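Work through the exercises below with the sequence and the model at hand. Each task is followed by a solution in steps.

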Amino acid sequence: MPHPATIDHLDARILTALDDDPSMTALALSRTLGVARNTVHARLRRLETSGALGAPSRRVRLSALGYPLTAFIEISIRQDLANEAYAALESIPEIVEVHATTGDADLFAKVVAHDTEDLHRIAGVLLAAPGVVRTNTKVSLIEVIPYRASTLLDRLAEGPSAR
């Protein structure tokens with residue numbers, strides 16, 4: 001993946017406007033923001049091709065897909081089998097995010113499930129993955145603050161003096 005473009009003040013204004021109304025066209029954005037349509041179009045294309053914008057599927061609430069239970073699993077792996085472990089984890093659809101971390105475990109995974117029985121099944125699949133040594137699961141009771149970039153976009157859209 002290419003290195004993500006740096007998002008500047010105007011990019012943040014464009015993205016904030018799209019957050020408010022995802023169906024806005026480049027023409028509507030240009031009128032709303034007082035910027036040339038070609039400028040808006042070029043900036044959106046640059047943000048998309050650079051990888052600065054994630055997939056639209058990130059907006060989908062996983063509970064709407066039938067996965068109301070969220071858990072976080074710390075995963076310890078054998079370092080000599082790291083690539084095999086990564087590939088195995090990537091093949092489990094219910095693992096929606098994984099980060100390599102510091103601390104007692106090597107990886108931190110966000111997992112969704114239909115219910116606790118389904119989570120138990122997923123944990124078994126995860127433990128059977130090559131290179132996985134042990135796991136530690138924590139079930140999310142409620143999401144207190146959902147994923148958000150809007151507060152940072154708002155700050156950046158206000159300009160350099162807002163930092």
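**Exercise 1.** State where Leu 141 lies in the chain and whether Leu 141 is buried or exposed.

Step 1. Leu 141 sits in the loop that links β4 (132–139) to α6 (150–157). Helices (H or I, at least four residues) and strands (E, at least two) are DSSP runs, numbered from the N terminus.

Step 2. The model is predicted: local features need pLDDT of at least 70, side-chain atom pairs count only at pLDDT 80 or more, and totals for chains, interfaces and linings use all residues. Residues are numbered from 1 along each chain as its sequence is written, and side-chain values use heavy atoms, with hydrogens and water left out.

Step 3. Leu 141 counts as exposed because its relative accessibility is 81%. The classes are buried under 20% relative accessible area, exposed over 50%, and partly exposed in between (1.4 Å probe, protein chains only).

**Exercise 2.** Determine how many helices and strands the protein chain has, and their order.

Step 1. There are six helices and four strands in the protein chain.

Step 2. Read from the N terminus, the order is α-α-α-β-α-β-β-α-β-α.

**Exercise 3.** Describe the overall dimensions and burial of the protein chain.

Step 1. The C-alpha trace spans about 55 × 35 × 30 Å along its principal axes.

Step 2. Of the 163 residues, 31% are buried.

Notes
Rg over C-alpha atoms; globule rule 2.2 N^0.38 Å.
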